[in-house]
Amino acid sequence: MALFIGPNLDPDEQRIPIAEAIGLMEGYRNFEDREKWHFVANLLHRSHGEVEFLEAHIKRLFENEEYDKISDGYRSNSLALPGSESFRVRINRWRPVGTRPIDNYVDIGLSYGIAHNHDFQLITKGIFGDGYRTKVFKIKSDACAGAVGEPTKLHPQGEFQLCDQSVIWFEAFEDIHIQIPPDDESISFNLIPTERNFEKPQLFFDTTSSTVSGFPENSFGSTLSYLDLMASLNSSQEVSELLVEIAMSSRSRWFRTCVASILSRRLGMEYAE
């Protein structure tokens, strides 16, 4: 299940500057399976100076006029920070509903109220404000094919709050969570390993009916959208062969199944796995 570490630090544990902690996290390679991410989460919990680290980076961007690095696809809710060989670093702003210039529940950077998992290990720390609350569920991802409408057993794990100095590790694919908006502006400091598993997609879930409700329009989702568009616009054999080639080159069984569905519809055939 998800690992939650409360804000209080053991008196015997020494605080570590965040830049130093990020370097020490390379030691995660000495551990196996879940212990890797427990090691990283505990180092992040012991770190300090994240707000100053963020302020220095923003100041450096403006001083160097690197304005292109301020917007990286997540709009005003997120910013990439210097990381390491093994970890990308990103902060997220969690704003109360109704305070953004364009208020939208499905904003890609916030996803308030949407049950979802992640296709990567996410280790996150509250560094400012009261933080969002999150309801967490557990699934067995190997038993979930990822089809929209597919029944999926969701096991409730509890509700947590990413308050200042607390840390949560969400296990890739297995942990589903719903983010509930904070009352005041909050910031999280996120670590995302460069070590990734691209065999499965990120998914959305309906916790009322315990079913898969969809997937985001990024990565696999956007690729499928344009493949589907190409298949609709061009009925040639060349396009069919291209679809097969693209599907066979993917390591993701889910992606190959989706492309097979596009092909079967295109050829007027009923698809059955």
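Tutor: Of the 273 residues of the protein, 44% count as buried, where buried means under 20% relative accessible area, exposed over 50% and partly exposed in between, with a 1.4 Å probe and protein chains only. This is a predicted model, in which local features need pLDDT of at least 70 and side-chain atom pairs count only at pLDDT 80 or more, while totals for chains, interfaces and linings use all residues. Residues are numbered from 1 along each chain as its sequence is written, and side-chain values use heavy atoms, with hydrogens and water left out.

Student: Why is tyrosine 28 called buried?

Tutor: Its relative accessible area is 2%, which is under 20%, so tyrosine 28 counts as buried. Phenylalanine 87, at 1% relative accessibility, is buried as well.

Student: What makes the pair of tyrosine 28 and phenylalanine 87 edge-to-face?

Tutor: Rings of Phe, Tyr and Trp (its six-membered ring) pair if their centres lie within 6.5 Å, and planes under 30 degrees apart count as stacked, over 60 as edge-to-face and the rest as tilted. Here the centres are 5.2 Å apart and the planes stand at 65°, so the pair is edge-to-face.

Student: How do you know that lysine 200 lies over the face of phenylalanine 173?

Tutor: A charge sits over a ring if NZ of Lys or CZ of Arg is within 6 Å of the ring centre and within 35 degrees of the ring normal. Lysine 200 lies over the face of phenylalanine 173 at 5.2 Å from the ring centre, a distance within 6 Å.

Student: Which residues do ring pairs link into a cluster?

Tutor: Tyr28, Trp37 and Phe87 are linked in this way.
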